[in-house]
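User: I would like to learn how to read sheets and packed helices in a model. Please take me through them one feature at a time.

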2 protein chains.
Amino acid sequence: MKVYLDNNTLTKIDPLVMEAMQPLLTEQSGDLHSLHSFSSTARKLYKEAMDKIYASIAASDNDDIVITSSGAESNSMLFMGVYISQILTGRRNSIIISQRESPSIMQIAKMLQEQGCKVHKLPINSDGVVEAKTLLDYITPRTALVSIQSVDGESGAINPIEEIVEICKRYEVPFHTNATYALGKVPLNVQDLGVDYLTISGETIHAPAGVGALYIKEGNSIPPLIYGSRSHYEQYRGGPVNVAYSVGFGKAVELAVDALEFEMEDAKELRDELEEALREIDGVTPLIPWSLRVPNTLLISVEGIHSEQLLYELNRVGIGAYSHTIYPFGDWEKKSIIEALGMDSSLKHTTVGFALSRNTTKEEIDYTIKNIKEIISYLKEFSACTTKESK
Amino acid sequence: MKVYLDNNTLTKIDPLVMEAMQPLLTEQSGDLHSLHSFSSTARKLYKEAMDKIYASIAASDNDDIVITSSGAESNSMLFMGVYISQILTGRRNSIIISQRESPSIMQIAKMLQEQGCKVHKLPINSDGVVEAKTLLDYITPRTALVSIQSVDGESGAINPIEEIVEICKRYEVPFHTNATYALGKVPLNVQDLGVDYLTISGETIHAPAGVGALYIKEGNSIPPLIYGSRSHYEQYRGGPVNVAYSVGFGKAVELAVDALEFEMEDAKELRDELEEALREIDGVTPLIPWSLRVPNTLLISVEGIHSEQLLYELNRVGIGAYSHTIYPFGDWEKKSIIEALGMDSSLKHTTVGFALSRNTTKEEIDYTIKNIKEIISYLKEFSACTTKESK
């Protein structure tokens, strides 16, 4: 049996998404801008997809949504745009993020700091969330941007975005949230949240890797990241439009919103079943309180067992899980979840995560529970033996 | 009959490209970085694709090729990287482009000039090509970058890249060429050309719109445009890898190189047939000498007939051609081809182009010839009538 539980990294493409893209990958689709008739089908499908994307986050017609090649591009576009229009011009002088943002944000923040921009990183509390009040230590009217993720992709913790936005509004500081791990997991409404900018991405909602979007609230404006001809299709981004992936993304957000109730009830039930079974194992600690976490995610620490060992053994029986502690690609002082939570640092390399999707079945979860119990017991025994031998 | 002759804007996706991408769009492909086994097929296919891309331009193993979402991204990445690492740091102070670069380059050059960087634009001669010696008027050891396109996408004119590179080497100035309209039309060998950076793109070689690449010669280095986790798969670019399009792009460059002889002989024969037939029509002038042009492109001026009128009538009989003179998206002082060639400015709005592909058939060209003759004759008659009436 193969069980894929790494859905906060990459999801399986939904067959309905593939079906929506197929005509644009096999027929001549045509440039959206050209005058000849080859373009008209592409234009129609593209417009329908954009309507779905606007609807999925409750954007208004006067807001802008830029289709990008990933959430990372959306984040880079915003931060680089703020750098060029606000920081370099001397209008504003700092940005505020959290200690736990995605690599795209951690890395561009690092570059900005190297270029002389002040970067403040808010901590998380022992429940794994950013507390709005911590913003007050750093925010000033000269802050160029506050960017706090809606949901932590590793731990599943949900941040109090509305409270944070309230403070930003008081200081007239633009606010951005990376909602890549929130879309389809919790309700997402840009009007209710009051955000200025919001990032979503395809690979976590059963669209292909290679498409994302940046929401830009009416009244805000940033320079492009990718230059080129601009049109009313892509006011903010040059180069040919990836119509196929845009249409796939439109279908994917529609499906994600439709499946929200299922995620919050049925998928959650499976996650909870897994969580309860693992909680019974000696040395296993789930890391974020149940009520503060998206319904698909479970991050545990297994005392005395190295993450890589556990992932390896799980992979041997066909189970794909994740661990960010062994991620080898520099996250510029991104705090490991164990350190950020203020837990014993000996647990730093013991975290393993499971991210379900709407495709996950009860059989898969039962299989996972059975195997993980056996593997942990085996690894503990093995570890006990080697400890004895080495004495 | 439908005849598509706008292949310098967008080509039909080759069925073999679609076939190569299909498994990655329907099966769970897996993140290239993850430890679990879901990733291994994707990794293998990605590696094979990269090998094909390296081979297609004769890149060496020590060079870098970054897969991007378009040629426009490749160009923006390079120019923004040069801006951040060379201009902002005060190391160098100017860039040199031509008057006829793609919108992505014209637009980012405009931004750089607004930020205080000197931008020089080389003219083309009456044959439509940039003469290497014009570089000598502007190049200095403090020039940060020279970027001249290999082929003009509107006119098909081929620039003398090797001669230009020779001058850049003398001044130790990095050289970039946008080879989007050259790949698959003329031999392209980065070793022979001696370029430091080179852009190619998918949409002009029967891959989907939404993939491109930036070649970076060994010894050169630029900061990323899209930040994020970096790995040996994407050293220069964050965000999830679009494995499906990368694999499609690999197949597309392989096919483009395989078809090079066909393009240069058989496709050229059809283009020449069209050219000879149109040349016979009174008032029609092909714009670039035959020997200085890629084999698939023909740009004409039709005296007394507005481009938009001719395109409209062609579209009515199912023929898709192009005209950049009616492109409504600001090309920042990009000279119109008529002005740049030093021709009578009354001809400015009379250009129409035809870009064939390896799929173009003799029947399609015969149909085009027949129709274009009728349409031009009809439009001239109509124009003569209205002129008389208005007297």
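Analyst: Start with a term: two strands count as paired if DSSP finds at least two bridges between them. Keep in mind that this is a predicted model. In chain B, B:Pro286 has B:Ile300 of strand 10 as its bridge partner. Strand 9 of chain B and strand 10 (residues 297-302) of chain B are joined by three bridges and run antiparallel.

User: In what order do the strands of that open sheet in chain B come?

Analyst: The general idea is that strands of a sheet pair through backbone hydrogen bonds, either parallel or antiparallel. Here three strands of chain B make an open sheet in the order 9-10-12, with antiparallel pairing. Strand 9 (284-286) and strand 12 (351-355) of chain B are the edge strands, each pairing on one side only. From one strand to the next, the twist averages 25 degrees.

User: How many strands form the open sheet in chain A, and in what order?

Analyst: The open sheet of chain A has seven strands, ordered 2-8-7-6-5-3-4, and its pairing is mixed. Strand 2 (64-68) and strand 4 (118-122) of chain A are at the edges with a single partner strand each, so each has one side without a neighbour in the sheet. The twist of this sheet averages 20 degrees from one strand to the next.

User: In which sense do strand 2 and strand 8 of chain A pair?

Analyst: Strand 2 of chain A pairs with strand 8 (residues 212-216) of chain A in the antiparallel sense, over five bridges. To find one of them, look at A:Asp64, whose bridge partner in strand 8 of chain A is A:Ile216. Helix 3 (residues 71-87) of chain A packs on this sheet and touches several strands, including strand 2 and strand 8 of chain A. The direction of helix 3 makes about 40 degrees with that of strand 8 of chain A.

User: At roughly what angle do helix 3 and helix 4 of chain A cross?

Analyst: In general, two packed helices are described by the angle between their axes and the distance between the axes. For helix 3 and helix 4 (residues 103-114) of chain A, the axes come within 9 Å and cross at roughly 25 degrees. Helix 3 of chain A is therefore roughly parallel to helix 4 of chain A. The crossing is right-handed. Among the residues that meet are A:Phe79 and A:Tyr83 in helix 3 and A:Ile108 and A:Leu112 in helix 4 of chain A. By class, this contact has six nonpolar, four polar and no charged residues.

User: How do helix 1 and helix 7 of chain A cross?

Analyst: The axes of helix 1 (residues 15-26) and helix 7 (residues 243-258) of chain A come within 8 Å, crossing at roughly 160 degrees. These two helices of chain A are therefore roughly antiparallel. Contact residues include A:Leu16 and A:Ala20 of helix 1 and A:Val247 and A:Leu255 of helix 7 of chain A. The contact consists of 12 nonpolar, one polar and one charged residues.

User: Is the crossing of helix 2 and helix 7 of chain A left-handed or right-handed?

Analyst: That crossing is left-handed. The axes of helix 2 (residues 40-56) and helix 7 of chain A come within 8 Å and cross at roughly 35 degrees.

User: What is the mean pLDDT of chain A?

Analyst: As a rule, where pLDDT is low, the predicted coordinates should not be read in detail. Chain A has a mean pLDDT of 91, and 92% of its residues reach 70 or more. The model scores ipTM 0.93 and pTM 0.94.

Notes: Residues are numbered from 1 along each chain as its sequence is written. Chains are lettered from A and ligands numbered from 1 in the order in which they are written. This is a predicted model: local features need pLDDT of at least 70, side-chain atom pairs count only at pLDDT 80 or more; totals for chains, interfaces and linings use all residues. Axes are lines fitted to C-alpha atoms, for helices over the stretch in contact, and angles run from 0 to 180 degrees between N-to-C directions. Helices (H or I, at least four residues) and strands (E, at least two) are DSSP runs, numbered from the N terminus. Angles under 35 degrees count as roughly parallel, over 145 as roughly antiparallel, 65 to 115 as roughly perpendicular and the rest as oblique. Two residues are in contact if their C-beta atoms, placed from the backbone, lie within 7 Å. Ala, Val, Leu, Ile, Met, Phe, Trp, Tyr, Cys and Pro count as nonpolar, Asp, Glu, Lys and Arg as charged, and the others, Gly among them, as polar. pLDDT is the predictor's confidence in each residue, from 0 to 100. A crossing is left-handed if the near helix is turned anticlockwise from the far one by less than a right angle, and right-handed if clockwise.
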